[in-house]
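Here is a friendly walk through one protein model. Please keep the sequence and the 3D view open side by side as you read.

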Amino acid sequence: MKVIITGTTGMVGEGVLLECLNQPQIEGILSVSRRPTGITHPKLKEYIVADFLSLKENDEKLKGYDACFFCAGVSSVGMKEDEYKRITYDTTLHFARALDPNPKMSFIYVSGGGTDSSEKGRMAWARIKGKTENDLMKLPFKQAFGYRIGFLIPAPGQKRVLKYYKYFSWLVPIIKAIFPSIITTMNEVALSMIYASEHGYKQNVIYVKDIKFMAKKKM
């Protein structure tokens, strides 16, 4: 299986990349990012793209892959709605079209908890992510998924971890015991992505419980 991973210089993308590199069935990975990952591995190739909106449809370098794990994204904090939409919605849909959407490829979009599928809620970021999910699912992929991940436990050796995580690491056992439905590991996320790409899933919107279920199937 060959996969494309975006956002590999961010926390989610780096974690998924590291875990996928350890999976024997993943024979090749293309990291598409604005900056180099700093990781060297026989399975890994890199495609540095300063602006995803500059990609042309049916980009030759993006052909020949079985799945795309779209982990790129930004926080909406301090950002105007139109700029957040450009980065979140416009960029993601443009990238998806650059892949040449087809019935053999799966597309997984990491959105997040609170995403608004109705596109009518009060929170602009939630509406925009909801629209992004909805419109990706209209493209002719094998299947497109919106991954509404929760609190993530970083992968071993991961460097790009949000600063505030170190203040909450001691809470992980407590969170796992009291709120198991909001916490998952990078390993579970990566395994579930591989499983969903191979076998599909009963629904397109994926929650933590679904991630855990698919990861166990893959183990």
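## The sheet

Two strands pair if DSSP finds at least two bridges between them. Helices (H or I, at least four residues) and strands (E, at least two) are DSSP runs, numbered from the N terminus. This is a predicted model, in which local features need pLDDT of at least 70 and side-chain atom pairs count only at pLDDT 80 or more, while totals for chains, interfaces and linings use all residues. Residues are numbered from 1 along each chain as its sequence is written, and side-chain values use heavy atoms, with hydrogens and water left out.

With that in hand, look at the open sheet: 7 strands, paired in parallel, follow the order β3-β2-β1-β4-β5-β6-β9. β3 (44–48) and β9 (205–206) are the edge strands; each has a single partner, so one side of each is left without a neighbour in the sheet. Strands β1 (residues 2–6) and β2 (residues 28–33) run parallel and are joined by 5 bridges. In this pairing, V3 sits opposite I29 in β2.

Helix α6 lies across β4 (67–70), β5 (106–110) and β6 (143–147), and runs at about 150° to β5. That angle is taken between N-to-C directions, from 0 to 180 degrees, with axes being lines fitted to C-alpha atoms, for helices over the stretch in contact. S197 belongs to this helix, which spans residues 186–199. S197 counts as buried because its relative accessibility is 5%; buried means under 20% relative accessible area, exposed over 50%, and partly exposed in between (1.4 Å probe, protein chains only). Beyond its neighbours within four places in sequence, S197 is in contact (heavy atoms within 4.5 Å) with M1, A67, F69, S106, I108 and K142.

For a contrast, turn to I178 in helix α5 (residues 172–178). I178 counts as exposed, at 53% relative accessibility. Together with I174, F179 and I182, I178 forms a nonpolar surface patch of about 380 Å² of accessible area. Such areas come from the Shrake-Rupley method with a 1.4 Å probe, and for residues only the protein chains shown count as cover. Patches are made of residues with over 30% relative accessible area and no salt bridge, joining like charges within 9 Å and nonpolar side chains (Val, Leu, Ile, Met, Phe, Trp, Tyr) within 5 Å.

## Salt bridges

A salt bridge here is a side-chain nitrogen of Lys or Arg within 4 Å of a carboxyl oxygen of Asp or Glu. The whole structure holds 11 of them. One of these joins the side chains of R160 and E14 at 3.5 Å, N to O. R160 is in the loop between β7 (151–153) and α4 (165–168) and E14 in helix α1 (residues 11–21), so the pair ties together parts 146 residues apart in sequence. R160 is partly exposed at 28%, whereas E14 is buried at 3%.

R148 and E133 also meet in a salt bridge, at 2.7 Å, N to O. The pair links the loop between β6 and β7, which holds R148, to helix α3, which holds E133, 15 residues apart. R148 is buried at 8%, and E133 is buried at 1%.

Most residues other than glycine have a negative phi. N58, in the loop between β3 and β4, has a positive phi of about 60°. E119, in the loop between β5 and α3 (124–136), has a positive phi near 65°.
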